[in-house]
Amino acid sequence: MARAYQRTKPGDAADLIDDALEDIVREGARHMLAAALEEEVTAFLGRDRYERGKAFRGYRNGHLPSRELTVGVSAVEVRVPRVAQVPVEVTAEGFHSQVVHRYERASASTQVLFARLYLEGLATGDFEPVFRELVGETTALSPTAIVRLKERWADEYATWKQRPLGAHQYAYIWADGVYLGVGTEDEKSALLCVVGAREDGTKELLALELGYRESTASWQDLLRDLRDRGMSAPLLAVGDGGLGLWAALDEVFPRTEHQRCWNHRVLNVQDKLPKRLQPAGRRQLHAMWTADTQAECEQLRDAYVAELRDAGQGPAAETVLRDWADFVRFYHYPKEHWIHLRTSNPVESIFSGVRLRTNAAKRMRRREAALYLVFKVVDRLSSNWRALNGGENLMALVLEGCVFRDGIRNGLRKEGTADAQSPAIAA
């Protein structure tokens, strides 16, 4: 029988050793910080204690009142030296330490740590009980103090939103809207997101905007902003069945082809079926969009539509056929890219990570605060995004205009001819 995990009790030998180690580290940090502050004053005055300098720059005048400064996860007592009668020609503002700033209670790296922990899911009200014993009694840990750390995110978002986009080519984009339960408005806020595939196959977050119900006007504003900042028309856009996105694409990027998300089509068909037919329907739809050729996909479609009609499921059959051309566009791009193009998973997977954090965001009253939070979460997650299969060489072929039929390269695309489109699209 495995023994239960033994917890150490306060006052145990291990506990006392840990306390002694903490005291040694804290005392060492205090001495080093005090030495650094004294050296800073010496450098400012140009002389050591009890020495005369060449030019008068003021004199030592004791120390400011002692206070605790949080560095890392420990509070260190610090006394900042003072310098009196600093000549105006030396500095009009007098001496101010650059090691420990005025009124500073926590180092900049510690403040970044608090903001990062909030980003990872620790609510502002949780900081007090979690960190008070670690960082001391005087460090500012109130929810208001932590929220102030997020104000810089608004500036980072504004800078990111204005960056030029002409330096890269984007063969594909994925677009979707995610609804956030924040704000005081009765109407739900939609967070419009666009991710693009660069010429080297890596993904990049291109846009993150607040809109209302994924309307055409909201999508048009977002896409126009991308275009005005230098983004050229992508070859293919992937999204769900929301009409606002496709209408906006036709207006802003009329030459961009449309690929509808198969996961959403499966859900739409399932909504039309009784529960007893849903498992078989999922299997047959999955067989369609994983078929090796477009002809095989359409054979499976015809067989399933006939089966649905024979079973009296006409609405489900019509749902399978609706906008069919927009569901098979991926066949006209490299087979290596099909796994990326058949669904809007590149956006959905991003927000699966974001949703782990939005429990705290739902308590926000301001939609903009939630936007900045999601932006920072997505920015952190972007370092782990999967690049497109095939790498840079395959993306170069796509951007050069190569024609792919059933995922296989088949010559070059000719502008203004039928070769520029698939047979299904040209029809």
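For the helix pair below, I take axes as lines fitted to C-alpha atoms over the stretch in contact, with angles from 0 to 180 degrees between N-to-C directions. I am working from a predicted model.

**Entry 1: two helices**

I looked up helix H10 (residues 294-310) and helix H11 (residues 314-321), and found that their axes come within 8 Å and cross at roughly 160°. Angles over 145 degrees count as roughly antiparallel, so I noted H10 and H11 as roughly antiparallel to each other. I also wrote down that the crossing of H10 past H11 is left-handed.

Next I checked who meets whom. From H10 I listed Arg301, Tyr304, Val305, Leu308 and Arg309; their partners in H11 are Gly314, Ala316, Ala317, Glu318, Val320 and Leu321. By type, I sorted the residues of this contact into seven nonpolar, one polar and three charged.

**Entry 2: the cores**

Which residues touch the most other members of the largest nonpolar core? I found Tyr172, Trp174, Leu208 and Phe351, out of 56 residues in that core. Helix H15 (residues 367-381) gives the core its largest share, eight residues.

I then followed Phe351. Leaving aside residues up to four places away in sequence, I saw Phe351 touch Val178, Leu191, Cys193, Leu208 and Val374. I also turned up a second, separate core of 21 residues, with Ile173, Leu192, Ala207 and Leu223 among them.

**Entry 3: a loop residue**

Last, I visited Ala55, in the loop between helix H1 (13-45) and strand E1 (59-63). Is Ala55 buried, partly exposed or exposed? I have it at 48% relative accessibility, so Ala55 counts as partly exposed. I also noted Val90, 35 residues apart from Ala55 along the chain, with 9.9 Å separating their C-alpha atoms.

Notes. Residues are numbered from 1 along each chain as its sequence is written. This is a predicted model: local features need pLDDT of at least 70, side-chain atom pairs count only at pLDDT 80 or more; totals for chains, interfaces and linings use all residues. Side-chain values use heavy atoms; hydrogens and water are left out. Helices (H or I, at least four residues) and strands (E, at least two) are DSSP runs, numbered from the N terminus. Buried means under 20% relative accessible area, exposed over 50%, partly exposed in between (1.4 Å probe, protein chains only). Angles under 35 degrees count as roughly parallel, over 145 as roughly antiparallel, 65 to 115 as roughly perpendicular and the rest as oblique. A crossing is left-handed if the near helix is turned anticlockwise from the far one by less than a right angle, and right-handed if clockwise. Contact means heavy atoms within 4.5 Å. Ala, Val, Leu, Ile, Met, Phe, Trp, Tyr, Cys and Pro count as nonpolar, Asp, Glu, Lys and Arg as charged, and the others, Gly among them, as polar. A nonpolar core is a set of buried Ala, Val, Leu, Ile, Met, Phe, Trp, Tyr and Cys residues joined through side-chain atoms within 4.5 Å.
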